[in-house]
Amino acid sequence: MNEQAIAEAPAAVTPADFKSGVKPVWCPGCGDFGVVNALGKALARMQLHPENVAVVSGIGCSSRIPAYTSCYGFHGVHGRSLPTATGLKIARPDLTVIVTGGDGDGYSIGGNHFLHACRRNVDMTYIVMDNRVYGMTKGQSSPTTEPEWNSKLTPRGTGLREFQPMVIALASGANFIARAFTGDPNALADVLVQAIQNPGFSFVEVLSPCITYRPEQRHWKKQVQRDALKPSVDAADAAMQVLRNDPLALGVLYRGGRAPYDPRSHAPAAQPVSELEKRFTV
Amino acid sequence: MDSSLADAPDARSSVSIALAGSGGAGILTAGNILLEAAAQAGYYALMTRSSGPQIRGGESAALLRISTCPVECMEDRYDVLATADWENVDRFTAEIPLGSDSLIVGDPDRGEAPAAFAQSGARCANVKFKVMAKDVDGGRPNMLLAGLVAALIGLPEDAIRHAIAKLLAARPDAIEPGLIAAAAARARVADDRALATEARRLALAPARPHEATRWLLTGNEASGYGAIRGGVRFVAAYPITPATELLEWISPALTEVGGVLVQAEDELASINMAIGASFGGIPSLTATSGPGLSLMVESLGLAVAAEIPVVVVDVMRVGPSTGIPTKSEQGDLNIALFGFHGDAPHLVLAPNSIADCLRTTAWAVHLAEALQAPAVVLTDQFMGQSRAVIDQPADEPGGDPRIVAEPGAPGYERYAVTESGVSPMAIPGAAGITYTADGLEHGPAGTPSSQGADHITQSSKRLRKLESADYSAQWADVEGDGNLAVISFGSCTGPVREAAARAAADGIALRVISIRLLSPAQPGLLSKALDGISKVLVVEQNHSGQLFHYLRSHFVLPVDSTSLRKPGALQFTPGEIHRHLIDWGSN
């Protein structure tokens, strides 16, 4: 092959193409390693190119993911990843937009944006790595932490019942909802492909153990219930499934049929800017 | 423009009108008809509106100044206060100062003028608007009010007819009764001896012939159009008084030029949406007021660190907290300058008139894009919500576009340390130069770093790009000469200019400096503008003298520098400043 032919041959994209080479700050054994690997697998399986994918995050251990990929990354303000991604996707509909973060970032400080991202249904995928603890600040309760779990900040537990993200996502209008486990990288990659391909706002809750502050989560490997959730197109049915099942039940829960949000006018030609002055002319 | 106020002939060059009444009386419609008619007749004009706290109903006032020359502020007193009824109109006492030369026109069947107005010594004229309205099929008192005032101040009949037809276009069946009512009011002025005498006294000099196109618009609309002219094609919006009209104007306008607006769930979302869109390569903006700006400053720090252009227009209102949302104040200068955490070099600009809202907002977009930094534009409720007749502004100077990195650029580093401090920005979609934009401190490649050396290098780079830019052409408006200078910004500039013109007539020569670029501070340019000045007065509308203290700490001022300031909600009048200038300038 001559040089030109080499340049024109479509090179197959591999998971390795999505690695940046930046060394993660995560503890050894952190569940988030599995998510960054599965994401690379999913994007390679879809033959997307890193420059056409944007990975957007807030603050927290799992929000470090963008820099560990070779995609365009955005590591922004705590809790605001969804609005940032929303602006990006609406301004640049050609990009594949992935949002990553944790349970504190997404459900506590960013809770309002979670509701409205589900409701707005912009075509993007939100991956929440839920370990039921604030890891980066060294072990405080998050909205998904069990009420009796002790921390230095809440020595007698919070006494508050856990937030139910999948039910909230369903009630708020997310178009694709699934729960996966970082310990099953192939199954996780498979769910991520489905989430990215599904139009509208896709929400994937990934059980991602924090072995430093929640060492008991090592047992999730044995406790998760694989394929326990069955995909439904009916929101009421999906709600019953998630409420009646174990919190460690895995699978795709819901696939909605809503068209993605698109505020752009699709009127043909844009006017020259000076036409707007006619509104002011006396 | 200022000298033309002084050299007007005997006929008055400017007349000030206050229309007031209860909600639903159509006061604002009457005001808009007069404004449109004045524009049609070739006059300049300015109209502000005031209303009670109620969403619907309640009292409202339309305050107008119509003149043969451009107007940027209200007069010291109103020549005419005209009402269809007096319900709650006494709430406007402070906003509608009258003098013994003023005229109060009211309907005697709807009560008497409140004592606060009557005490001014103003003459009173009785017109039975309600009875007259009943004589017209479908007639409304507000059309009589508009017609009567138009006749009193000498607006031509065809101008008022045109204005009624234009403003009532959405309600075609109201046009004919409106025209009949206005004609009846005009006849009344001609037939009533007392009113005819008032009309001779109030009549405006003929409008000056002009070639230039005139525009009729609010400051919020001018800011919105300036944003689009500057290149903005993405806006994220969360409603807040008094910025909402900017967002409502720009929403359909963006659609026509291929842009898009998204309504956000809160201001935390709107600023981050704008930052996300700009990261995608699209010039972006949001508009808000003080409480919203407070919510946005954390994310503006991110835009500084990650070097993402974004513009926030803050239409300032009375604060702190909810304050007085419908009234003007220049109290957000401190938060705009100093509200960011860490060392966060950024741009702060302030337009100084409704027309300037266009130029300064466009300039803010140009600077933000060229320097890859956030810009805060400080307008205020007065400029934002007032509607004015202006000469079509000259095209603003163009700006340098954002410097974008080439796909596949070898050895590309997003935050490469350059001489200017600006580094080419990779835009998603461009292969071979991907990077992660980060609020974490980083090295040149964008990789997070906790090294002090990286922090020093990147901090210097972020400061250098702002400090090395040349702002000299537009940083301020410097007008007039003398060894005294008045420094101001924003909507205080209008009354300062008019006061300076009056002081000049008294023999006090002044230089007026209205600062358009507030950050980065330009002490060198101010020192040059203060060449030969021995004494400085800083005029601003807030309680603590935020501009005065900023100038004292970051600029070199003469030892004899003092502050003239007052908080909202009432704008400075030219007379208030003029009186101060007389004492200050002659000591």
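Which residue of β15(B) is the bridge partner of A:H75?

## A strand pair across the chains

In this predicted model, the bridge partner of A:H75 is B:D438. The two strands involved are β2(A) and β15(B). Strand β15 of chain B covers residues 436–438 and pairs with β2(A) in the parallel sense. The pairing runs over 3 bridges.

## The side of chain A that touches chain B

The contact involves 42 residues of chain A and 49 residues of chain B. Four elements of chain A give two or more residues each to this side: α3 (65–68), β2 (72–75), α4 (81–91) and α6 (111–120). The most comes from α4(A), with 8 residues.

By residue type, the side of chain A that touches chain B holds 21 nonpolar, 15 polar and 6 charged residues.

## The open sheet of chain B

Chain B contains an open sheet of 7 strands. Their order is β9-β8-β10-β11-β13-β12-β19, with mixed pairing. At the edges lie β9 (260–263) and β19 (517–519), each pairing on one side only. Neighbouring strands are turned against each other by 25 degrees on average, direction ignored.

Within this sheet, β10 (residues 284–288) and β11 (residues 310–316) of chain B run parallel. They are joined by 4 bridges. One residue pair here is B:L285 with its bridge partner B:V311 in β11(B).

## A helix on the sheet

Which strands does helix α9 of chain B touch? This helix, residues 219–230, packs on the sheet and touches β10, β11 and β13 (374–380) of chain B. The direction of α9(B) makes about 175 degrees with that of β11(B).

Key:
Residues numbered from 1 in each chain as written. Chains lettered and ligands numbered in written order. Predicted model: local features only at pLDDT ≥ 70, side-chain atom pairs only at ≥ 80, totals over all residues. Contact = placed C-beta atoms within 7 Å. Nonpolar A, V, L, I, M, F, W, Y, C, P; charged D, E, K, R; others polar. Pairing = 2+ DSSP bridges. Axes fitted to C-alpha atoms, helices over the stretch in contact; angles between N-to-C directions.
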